[in-house]
Amino acid sequence: MSATTEETASTIGDQDSPAAAATKKVVSYGVLTFFALIYLGPFLVSLAASFKTPASAVSNPLGLPNPFSTSAWKELFGFTDSVLTIKLGRWTLNSILVTACITVGRVGLASLAGYALARLKFPGRKQVLGLILGVMMVPGVVLLIPRFLVLKQLDIRNTYFGMIFPLLVDCAAIFLMKQNFEALPISVEEAARIDGASTFRTFRSIVLPMARPSLIAVTVLSIQGAWNEFTMFLVATDRPEFNTLTLGLSQFQGGRGSGSNYPLLMGAALVTTIPIIIVFFTFQRYFNGDAAAGSDK
Amino acid sequence: MSIAVSESVGAFADAGGSELSASDAAREARKSLKQRRRKEGMMGWLFVSPVLILLTVFLIIPILLALYVSFTKWNGQGGPFSDKVERVGLKNYKDLLVNDGLTRKNFASALRNNFYFVILVVPLQTLLALALALILNQRKLKAKSFFRTAFYIPSLSSSIAIGLIFVFLFSNSGGINTIVGWFGISPVQWVNNSTGLGHTLFGLAGIDKAPGFLANNDVLGMSLWNWLSGPSTSMCIIIILAIWTTSGTFMLLLLAGLQTIPHSINEAAAIDGATRRQTLRYLTLPMLKKQIVLVVTLGLIGTWQVFDQIYIMSDGAGETTTPAYLTYTTGMREGRYGAASALAFIVFAIILIFTAVQRYIGREKGDVA
């Protein structure tokens, strides 16, 4: 590993002789291609496997599908009868439902709270900000049992309510929105207020439109987080009708229960993965490092 | 910093008010300003109240409830506050840390498993992310955004879906064993294999059995020899999975940091005769310190929380249970909510201690490398 770093070290300056520069380029592209293959390879292997027969997925795990079979995909999309098919539709609908609700809630609440923390002067603002920063320090896994206990006490386990509400507040999103509101020019808001616009009206018709890029960024991050959420749903429900894609897939722990039907499993894994990649690509221009900057306090 | 900005805006408004206070118009203005302030204060609370209510119900109350439950033997039957629930004081914590028994033994091996996970994943993913970011930061490189996206895709994807893909890759007749076969190595049983890497290395050095002092001394009820087992084979796959998934995010973070370093600085260093290694060591890395510290901190917090990957790939088999995973199995599977809650607080404490220590070290040393 450290060897890689050393190699990299030698590629920083730009003052090489033409021959050295060419070598450097070849080495850089070589290393990048190798790693691109490692990062994308598993997806390609699973895509290929989803077009194999169960037997050939085991006997020929890496190669191209031969014989080429679409039966796994037919099963996934319900063209042939399969127990998994019926479930996959339900899982997908559940995933879409909870993702939509969580995203709308997170974006709405984060922009309201973010705006209040950025611009509105109210007694206790510092304490609220402190609380939100403190909450960001609480590791999610630690909340697993505590949240289960509360859901149980409130008797809202195995309801959509219980799956959605604990996830509505995302303190990182609040913080991100606060930072973004603060970066907006204040003069426009002042002008609106002098013209007599109420706080909420200023927020809704002037501030929010200006914050569109960051709203989109928070939306995409919320969609990704909610779609991929697993642990919270695991404690919020134990009934199959509430299974999301992640929860449903997790039944095939360690490949068990699939009867080694890897094509079907790989297809289902891709169905879970691909929507998020599409969402990300569609909105990629709003990110360019911002996704990472979001986690930078 | 930005708080200061809005604060100074407020101060400006104050100053304006007092200057004009002589005239009636100004008095009016001040009155309306006061009114506006009060209204603004109300709106402020109104805007944050949904968040505060939700945080109270789904974060603060759960933590307090779990704290209470951690001092009981509640098994989920009836309410936790009913008289039938036995209150046991610190027993749950003592069972984990002091009292000899199965609970402590399981906790010790979970702690060990997670410890090896942390000390392998954090440095490796940081170095990999740094290497990729440095290569991608070259000015004359084409297809940058393709590579950046390719490295980031695993970070975007569902850990459960990716875990399933890895289950397939590392199954006995899977792709990894095929690749291993190209190098003439016989297939490895990756899943459900608790052989420790450390013990394997000791074996290579001719130490097959624990030397007396390692076998006879124990910490938390587990012999030193078992503490030195290293990560199990099954844990190694989860380590690879974790590095593969998170390094993309960290690469983006480091790349964003690198891009703020002006190129002219590197050129100046080159003109002054600095070698590239010197430039990296004395210029680039120190300027990247903030991002590296952040990546290590996020790595430390994340690695003590590993859960989904274990759930989908091993379900704790083959010495892959971690304290966080043990919280889940103790609570949700065994119904021992008191013990599970106590464990959750211990995991929290571990994460806090690790990040505090890491921050302290990060502050003390001026140099990163």
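Me: Which element gives the largest share of the lining of the largest pocket?

Reply: To read a lining, sort its residues by element. This is a predicted model. Here α2(A) gives the largest share of the lining of the largest pocket, nine residues. Other elements that supply at least two residues each include α4, α6 (159-169), α7 (175-182) and α11 (233-258) of chain B.

Me: How many residues line the largest pocket, and which lie nearest its centre?

Reply: There are 27 lining residues. Nearest the centre are A:Phe34, A:Ile38, B:Ile176, B:Ile240 and B:Trp244. The volume of this pocket is about 980 Å³.

Me: How do the lining residues divide into nonpolar, polar and charged?

Reply: Count each class in turn. The lining has 25 nonpolar residues, two polar and no charged.

Me: Now the core. Which residues touch the most other members of the largest nonpolar core?

Reply: First, the general idea. In soluble globular proteins, nonpolar side chains tend to be buried together. In this model the largest nonpolar core has 182 residues, and among those touching the most other members are A:Leu149, A:Phe181 and B:Phe151. Helix α4 (residues 102-136) of chain B brings the largest share of this core, 16 residues.

Me: What does B:Phe151 touch?

Reply: Look at both chains. Leaving out residues up to four places away in sequence, B:Phe151 touches residues including A:Leu32, A:Phe35, A:Tyr39, B:Leu132 and B:Met251.

Me: Why does A:Ser187 count as partly exposed?

Reply: Check the relative accessibility against the cut-offs. A:Ser187 has 49%, so it counts as partly exposed. A:Ser187 sits in helix α10 (residues 186-194) of chain A.

Definitions and conventions
Residues are numbered from 1 along each chain as its sequence is written. Chains are lettered from A and ligands numbered from 1 in the order in which they are written. This is a predicted model: local features need pLDDT of at least 70, side-chain atom pairs count only at pLDDT 80 or more; totals for chains, interfaces and linings use all residues. Side-chain values use heavy atoms; hydrogens and water are left out. A nonpolar core is a set of buried Ala, Val, Leu, Ile, Met, Phe, Trp, Tyr and Cys residues joined through side-chain atoms within 4.5 Å. Buried means under 20% relative accessible area, exposed over 50%, partly exposed in between (1.4 Å probe, protein chains only). Helices (H or I, at least four residues) and strands (E, at least two) are DSSP runs, numbered from the N terminus. Contact means heavy atoms within 4.5 Å. On a 1 Å grid over the protein atoms alone, a cavity is a set of points where a 1.4 Å probe fits but cannot get out, and a pocket is an open set with protein on both sides within 12 Å along at least five of seven lines; lining residues have an atom within 4 Å of a point. Grid points are joined across faces, edges and corners, and a volume is the space filled by probe spheres set on the points. Ala, Val, Leu, Ile, Met, Phe, Trp, Tyr, Cys and Pro count as nonpolar, Asp, Glu, Lys and Arg as charged, and the others, Gly among them, as polar.
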